[in-house]
Amino acid sequence: MTFVSHAQNFEDVRLWRAFSDVSGGRYLDIGTQEPVRDSVSLAFYERGWRGVHVEPTPAYAARMRAARPDELVIEAAVSMAAGPMRFFEISGTGLSTGVTDVAKRHADAGWDCREITVLTVTLAQLFDHMGPEPIHWLKIDVEGMEGDVLASWGDHVARPAALVIEATAPNTQQPTHQLWLELVTSRQYHEVLFDGLSRYFLHETHLHRAEAMALSPNVFDGFSVPETHFAAGLLVQEKQLALKTANDQLADQLQTAARERAALEQAAQQQAEAAVNQVRLFEEEQARVHAALAKAEAEQGAAAAIAAAQLAVLDADLREARTQNAHLQSRFDDQAVAHSAQLGELREGFEARIGFVDLKLAEAGEALAAQRQLHADSMREAGVLEGRLRAQAEAHDARTAELQQQVDKESKAHQLDGRRAHADMLALQSQIAWREAQLAQATQLLLRAPNPLTGRPVVIARLVRWLAGRGWQHAAADHQAAVQQWQTGIKVPLPSMPQKISHDSNIVVAQAGQEHEGGYNMDREGPITSVPRLLAPHDAAFIHLAYQAILGRAPDPVGGAHYLASLRAGAHKLNIVRQLRQSPEGRAFVPGVAGLDRAIKRHRWAALPVVGPVFTLFTGAEGDGPVQRQLRVIANDLARLRAEQREAIEDLKGGIQAFGSSSQVMSGEDMAAKTQKSVATVNALIRLRPGLAGYFQDNLWNN
């Protein structure tokens, strides 16, 4: 295994897998700390990558410079604040921070916090220093200051391919990403994963690397971890225990050898002391002999020879004692050399044994990691499968119960609704017959309408009356009485519509271009080429057709509502056409309607206050007096009413046919379609008989 993961949570494994196709990439590491322990960049540095490190703690910055002489190490904190800032250093840890609350929490927990002053730099300045070349990943681990770092990005255009940002409060699992997430996503970054400590993001131009980055580190990545990594804690403990046991055994053997050597040295010392004592005794004896010889020299000459012989014997014994002492010294030296050689062999044996133990521990660690990963994958897959099965079972049970309730409810309600719908159908036919009679009467009134003179100058009115005779006055009075009688009669059987039925003029105008009662359908009959065909529709259908013919487009909501209100208030259709024609948009569009401008001019002459009555008298054009406006209101309302009646009849027919099949067993989709058709039938009944709204509100919609 050539890839050694030094990162705390395997960040370098994920990044290397995502950027393995990049040779000689670049990185920006903010909060570097150690050059080896928990380093995210070391594996990339060993493979030829280079980058910039930012570390405000002086001791760690010095270590980084010594370990990475060919990389730039900036000893500063990254923040929006300019100039020096207060920084709380916690020696020997990665917990140093510039946040006062975080430092106080560490101090309360027993850590030694020392306040220092450090320089600051912004993230935008770091990007400027690194230049325009691509930055492949940016890591931010600043113990609670992540928001300040991202805020100092500003409007700089640099976009590193990947971001790895610590997303929990220091030494806790409490998430903090909600404080700065918007600063990341607003720069077109997408979150890929959360590994429990940090959140990973990819720029939208590098989303093809998301799958490789999101995959958990596994046995197929072919990496190992150093002894300082948390994942190797158990193996390191076992190794340290084995080393301690071997060292204890070696110490015991060394102590035994030392005791044996001390015993040998003590024995040799005792023998040497005994020899020295013997020599001393011999010397003392020799002195006594010499004294005796000197004393007896004169008296015993013969005794001198004996004494000389005894002295020779003593000299021989002394030489023998010295020879024996030299032999003992040589034996002691030989034993010391042999003991040293034995100690060397023992040391070599223990070192070989320790190497064998390390190899076995590494193999056991790989096997254990593989087994743990396999077990975790199996447990995760089993949990996902169990959750899916449980959710499917619950959804199936709920859907079955809901369908059963709907079937029971529909089977009980449709039989009663069918009988009621039949009775309402009879009432509806009677209502339609009455409306048809009123419509025919209003048509006759329109055909018999004389030319009004109300509101005209006195001279013109007298001239017209003199020319027309008294017959015209009687006809106008009779016609006015007939109109008032018709208006009084039509108000009796027409109650107010319920609030559930809305006549939104914008919606009516938008839908009227497809079809209308007695009007013109452009999609079916082709373009408008004459004035009668343009003026044939009523209400919203006319507004839609006028926009198409005069402006070449559909009506906008505001303009359509304005002109529809004018038409319903009695404005002449040619007056509305004239306003559209005189608009800047109408002048630029060629309508293609023969005689349109001439018809508009005739209507303007008929509407003039002085000349208008005379013009209408001789040309038959329709004026713009109160009676004409009132008649136009009636005609427009009748046309709209007839269209609504026919639409309601069609809806009611479809609803009655749907009620006829209520006894059959229906699926969920058939029941939904039938329910929609029933609602359409109810709305049709309410439009024609508003009194039924309360019945359906109490018996159907509330259920």
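Predicted model: local features only at pLDDT ≥ 70, side-chain atom pairs only at ≥ 80, totals over all residues.
**Stop 1: helix α5**

Select residues 123-130, which make up helix α5. Which residues of this helix are buried? They are Leu123, Ala124, Leu126, Phe127 and Met130. Looking down the axis, you will find that these residues cover an arc of only 160°, which puts them on the same side of α5. Now turn to the face directed away from that buried side: Asp128 and His129 are found there, and they are exposed. Then step just past the end of the helix to Gly131, whose phi is positive, at about 85°.

**Stop 2: a salt bridge between a loop and a strand**

Salt bridges come next. Side chains of opposite charge can pair when their charged atoms come close. The structure holds 22 salt bridges, and the tour visits some of them.

Select Asp70 and Arg50 and show their side chains. The two form a salt bridge, with 2.8 Å between the closest N and O atoms. Asp70 sits in the loop between α3 (58-67) and β4 (72-74), while Arg50 belongs to strand β3 (residues 50-54), so the pair ties together parts that are 20 residues apart in sequence. Are these residues buried or partly exposed? Asp70 is partly exposed, at a relative accessible area of 43%, and Arg50 also counts as partly exposed, at 31%.

**Stop 3: Arg553 and Asp556**

Move to Arg553 and Asp556. A salt bridge joins them, and the closest N and O atoms are 3.5 Å apart. Arg553 is partly exposed, with 27% relative accessibility. Asp556 is partly exposed too, its relative accessible area being 29%.

**Stop 4**

An α-helix has 3.6 residues a turn, so residues three or four places apart point the same way. Colour the pair by accessibility: Arg640 is partly exposed at 27%, and Asp637 is partly exposed at 30%.

Together, Asp539, Arg568, Asp637 and Arg640 are linked in a network of salt bridges.

**Stop 5: helices α18 and α20**

Two packed helices are described by the angle between their axes and the distance between the axes. Select α18 (residues 573-582) and α20 (residues 596-606), whose axes come within 10 Å and cross at roughly 120°. At this angle the two helices, α18 and α20, are therefore oblique to each other. The crossing of α18 and α20 is left-handed. Which residues make the contact? On the α18 side, show Leu574, Asn575, Val577, Arg578, Arg581 and Gln582. On the α20 side, show Leu596, Asp597, Ala599, Ile600, His603 and Arg604.

**Stop 6: Thr619**

Thr619 is partly exposed, with a relative accessible area of 34%.

Note on methods:
Residues numbered from 1 in each chain as written. Heavy atoms only, no water. Buried < 20%, exposed > 50% of the residue type's maximum accessible area, 1.4 Å probe, protein only. Helix = DSSP H or I, 4+ residues; strand = E, 2+ residues; numbered from the N terminus. Arc of directions from axis to C-beta. Salt bridge = Lys/Arg side-chain N within 4 Å of Asp/Glu carboxyl O. Axes fitted to C-alpha atoms, helices over the stretch in contact; angles between N-to-C directions. Parallel < 35°, antiparallel > 145°, perpendicular 65-115°, else oblique. Left-handed = near helix turned anticlockwise from the far one by under 90°. Contact = heavy atoms within 4.5 Å.
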